[in-house]
Amino acid sequence: MRLCAGLLLLCFQGCLSLTGPGSVSGYVGGSLRVQCQYSPSYKGYMKYWCRGPHDTTCKTIVETDGSEKEKRSGPVSIRDHAANSTITVIMEDLSEDDAGSYWCKIQTSFIWDSWSRDPSVSVRVNVFPATTPTLPATTAILPLVNSGQNLRISTNVMFIFQLWSLLSSIQFQVLVFLKLPLFLSMLCAIFWVNRL
């Protein structure tokens, strides 16, 4: 039975290793903060922030060196807070061109092949014109609270964004479509062999 528990833990290892807000918003000329939470087992690894539609082809904007020192590349900074297993990215002096798909990533693979993937989570960055006091009508269904300069999303919506981020992550898809069926096949084979 301990073997089964160990195999199950191997299947779930990459699934929840990195989570993020799913979406963040800011205004032209302003700044925004992104926080991604990672598993404590990734302390000391390099973390990075990249931009692109896919995690495998995104362009690195800024990266840590494995320490907790803040690193900066132009108006973007990144810092690894190992004490609470959090990556903080700050984007300053936003422009509408900054809107798009970004990724929080942890570098675990130093040799690239088709099977090696760094843990990653997608973050959609929205940038609105500075003259607009509220979000456009297309996103008004989200329960938002405007507290002056900062825009805060309720915890229920944040949970939904994190859940969606989990379901769309490659680690979760590999877990569901590859590791879990393989684990169940191995379990069936063990029971079948022990039956004889």
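This is a predicted model: local features need pLDDT of at least 70, side-chain atom pairs count only at pLDDT 80 or more; totals for chains, interfaces and linings use all residues.

**Entry 1: a single bridge.** I began with Gly26 and looked for its bridge partner in β10, which turned out to be Val127.

Entry 2: Val24 is another position I checked, and it stands opposite Val125 in β10. I also looked up burial along β2: four of its five residues are buried, so I noted the strand as mostly covered.

**Entry 3: the sheet that holds the pair.** Stepping back, I found β2 and β10 in an open sheet of five strands, ordered β2-β10-β9-β4-β5, with mixed pairing. Its edges are β2 (23-27) and β5 (59-63), each of which pairs on one side only. From one strand to the next, the twist averages 30°.

**Entry 4: the other five-strand sheet.** I also looked up an open sheet with the order β1-β3-β8-β7-β6, and here the pairing is antiparallel. β1 (18-19) and β6 (71-73) are at the edges with a single partner strand each, so one side of each has no neighbour in the sheet. Inside this sheet I followed β3 (residues 32-38) and β8 (residues 86-91), which run antiparallel and are joined by six bridges. For a landmark there, I picked Gln37, which stands opposite Thr86 in β8.

**Entry 5: aromatic pairs.** How many aromatic pairs does a search of the whole structure find? It finds three. I took Tyr27 and Phe128 as my example: their ring centres are 6.4 Å apart and their planes are at 55°, so I logged the pair as tilted. Tyr27 sits in strand β2 and Phe128 in strand β10, 101 residues apart, and the pair thus links distant parts of the chain. Are these two buried or exposed? Tyr27 has 19% relative accessibility and counts as buried, because the cut-off is under 20%. Phe128, at 13%, counts as buried too.

**Entry 6: a tyrosine pair.** My next stop was Tyr42 and Tyr45, an edge-to-face pair with 5.5 Å from centre to centre and 70° between the planes. I checked the cover on each ring's residue. Tyr42 is at 12% relative accessibility and counts as buried, whereas Tyr45 is at 32% and counts as partly exposed.

**Entry 7: a charge over a ring.** I wanted to know which ring the charged end of Lys47 sits over. It is the ring of Tyr38, and the charged end lies 4.3 Å from the centre of that ring.

**Entry 8: whole-protein numbers.** I count three helices and twelve strands in the protein. Of its 196 residues, 36% are buried. Finally, I looked at contacts between residues at least 6 apart in sequence: 59% of them join residues at least 24 apart. The Tyr27 and Phe128 pair, 101 residues apart, is the example of a distant link that I will come back to.

How values were computed. Residues are numbered from 1 along each chain as its sequence is written. Side-chain values use heavy atoms; hydrogens and water are left out. Two strands pair if DSSP finds at least two bridges between them. Helices (H or I, at least four residues) and strands (E, at least two) are DSSP runs, numbered from the N terminus. Axes are lines fitted to C-alpha atoms, for helices over the stretch in contact, and angles run from 0 to 180 degrees between N-to-C directions. Buried means under 20% relative accessible area, exposed over 50%, partly exposed in between (1.4 Å probe, protein chains only). Contact means heavy atoms within 4.5 Å. Rings of Phe, Tyr and Trp (its six-membered ring) pair if their centres lie within 6.5 Å; planes under 30 degrees apart count as stacked, over 60 as edge-to-face and the rest as tilted. A charge sits over a ring if NZ of Lys or CZ of Arg is within 6 Å of the ring centre and within 35 degrees of the ring normal.
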